[in-house]
Amino acid sequence: MTEDRKIPQHVAIIMDGNGRWAKKRGLPRTMGHAQGARTVEQILEDADHMGIRYLTVYAFSTENWSRPDSEVKALMNLLRKYMKTSLAKCAKNNVRIRVIGDKSRLDKDLQESIAYLEEQTRTNTGIGFQIAINYGSRDEMRRAVARIAEEVKEGNIDPSGITEEMIGRYLDTGGIPDPDLLIRTCGEERISNFLLWQIAYSELYFTDKAWPDFDKAELEKAIDAYNHRERRFGGLTE
Ligand code: IPE
Ligand code: IPE
Ligand code: MG
């Protein structure tokens, strides 16, 4: 099975269940997030070794601001720490990082370290790693529409010339192929405002495992399931 299986080019993950993972162990939710952050680092490495070319993870949604201040702060601090420590690792592993989402609402120092990390890894040719922070798919589309409207106003684009391909380019994921496989952990079977445009034809995979417990074997399982799917893209397979 492992020999001739297809490896999805792009895997997207809704990393859910950090809080429940912690609660089950009598730990504060933030401990779940800390463990979840370790999982991300490991899975990035595993995905790279398996030949996945793009990995996109949902770290913080536009709706997650509604959580208690202390949790939002803890999550932002984890992201801050990640941005600071990941550069050396990315350089070593040739990882190219892009943060998707509206960065303007993030603290200035976090914005700066994101910009630095993106710039420093821009020419890396290994796995593309997209981290969604203050990301909401509807917000992403809103921002894309606003930018296209601006171009129309300037006379650079004619409304009749707006194509699906162009809209795709204006999204935060512009230039990155759509996900082949979308994974959501911890039992919930919903999209929660993630990559709505991009997952039009992605295969969806749900697992009960909480994100901190997700590992290479789980990723292998998801890819095996993906290999049993028949992607038709609206056509016929015969
Ligand atoms: C996912 O875990 C991480 C984020 C949304 C930031 P949750 O924090 O949503 O964990 P549960 O769903 O409450 O268990
Ligand atoms: C989705 O998880 C967002 C992230 C994983 C960052 P949530 O836990 O916020 O989603 P809901 O509230 O269960 O839909
Ligand atoms: Mg959740």
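Q: Is Met31 buried, partly exposed or exposed?
A: Met31 lies in helix α2, where helices are DSSP runs of H or I with at least four residues, strands are runs of E with at least two, and both are numbered from the N terminus. Buried means under 20% relative accessible area, exposed means over 50%, and partly exposed is in between (1.4 Å probe, protein chains only). The relative accessibility of Met31 is 42%, so the residue counts as partly exposed.

Q: At which pLDDT do side-chain atom pairs count in this predicted model?
A: Residues are numbered from 1 along each chain as its sequence is written, chains are lettered from A and ligands numbered from 1 in the order in which they are written, and side-chain values use heavy atoms, without hydrogens and water. The model is predicted: totals for chains, interfaces and linings use all residues, local features need pLDDT of at least 70, and side-chain atom pairs count only at pLDDT 80 or more.

Q: What distance separates the C-alpha atoms of Met31 and Asp46?
A: Met31 belongs to helix α2. Asp46 is 15 residues away from Met31 along the chain, and the distance between their C-alpha atoms is 23 Å.

Q: Are α2 and α3 roughly parallel or oblique to each other?
A: Two packed helices are described by the angle between their axes and the distance between the axes. Axes are lines fitted to C-alpha atoms, for helices over the stretch in contact, and angles run from 0 to 180 degrees between N-to-C directions. Angles under 35 degrees count as roughly parallel, over 145 as roughly antiparallel, 65 to 115 as roughly perpendicular and the rest as oblique. The axes of α2 and α3 come within 11 Å and cross at roughly 25°, and the two helices are therefore roughly parallel.

Q: How many charged residues are in the contact of α2 with α3?
A: The crossing of the two helices is right-handed; that is the word if the near helix is turned clockwise from the far one by less than a right angle, and left-handed if anticlockwise. Contact means heavy atoms within 4.5 Å, and residues in this contact include His33 and Glu41 of α2 and Tyr82 and Lys89 of α3. Ala, Val, Leu, Ile, Met, Phe, Trp, Tyr, Cys and Pro count as nonpolar, Asp, Glu, Lys and Arg as charged, and the others, Gly among them, as polar. By these classes the contact of α2 with α3 has 7 nonpolar, 3 polar and, as charged residues, 5.

Q: Are α2 and α7 roughly parallel or oblique to each other?
A: Helix α2 (residues 29–50) and helix α7 (residues 216–227) have axes that come within 10 Å and cross at roughly 45°. The contact is made by Ile43, Asp46, Ala47 and Met50 of α2 and Lys216, Leu219, Glu220 and Ile223 of α7. From the angle, the two helices are therefore oblique.

Q: Is Glu218 buried or exposed?
A: Glu218 is in helix α7. Leaving out residues up to four places away in sequence, Glu218 touches Thr207, Lys209 and Asp213. Its relative accessible area is 6%, so Glu218 is buried.

Q: How many nonpolar residues are in the contact of α3 with α4?
A: Helix α3 (residues 69–93) and helix α4 (residues 108–121) pack at about 20° with axes 10 Å apart, which means that α3 is roughly parallel to α4. Their crossing is left-handed. Among the residues that meet are Met76 and Leu79 in α3 and Ile114 and Leu117 in α4. The contact of α3 with α4 has 3 charged and 4 polar residues, and its nonpolar residues number 9.

Q: Is the pair of Trp211 and Phe214 stacked or edge-to-face?
A: Rings of Phe, Tyr and Trp (its six-membered ring) pair if their centres lie within 6.5 Å; planes under 30 degrees apart count as stacked, over 60 as edge-to-face and the rest as tilted. By this rule there are 7 aromatic pairs; Phe60 and Trp65, at 4.9 Å between centres and 70° between planes, form an edge-to-face one. The centres of the Trp211 and Phe214 rings are 5.2 Å apart and the planes are at 20°, so this pair is stacked.

Q: Is Cys186 buried or exposed?
A: Cys186 is in the loop between β5 (181–184) and β6 (203–206). Its phi is positive, about 70°, although Cys186 is not a glycine. At 12% relative accessibility, Cys186 counts as buried.
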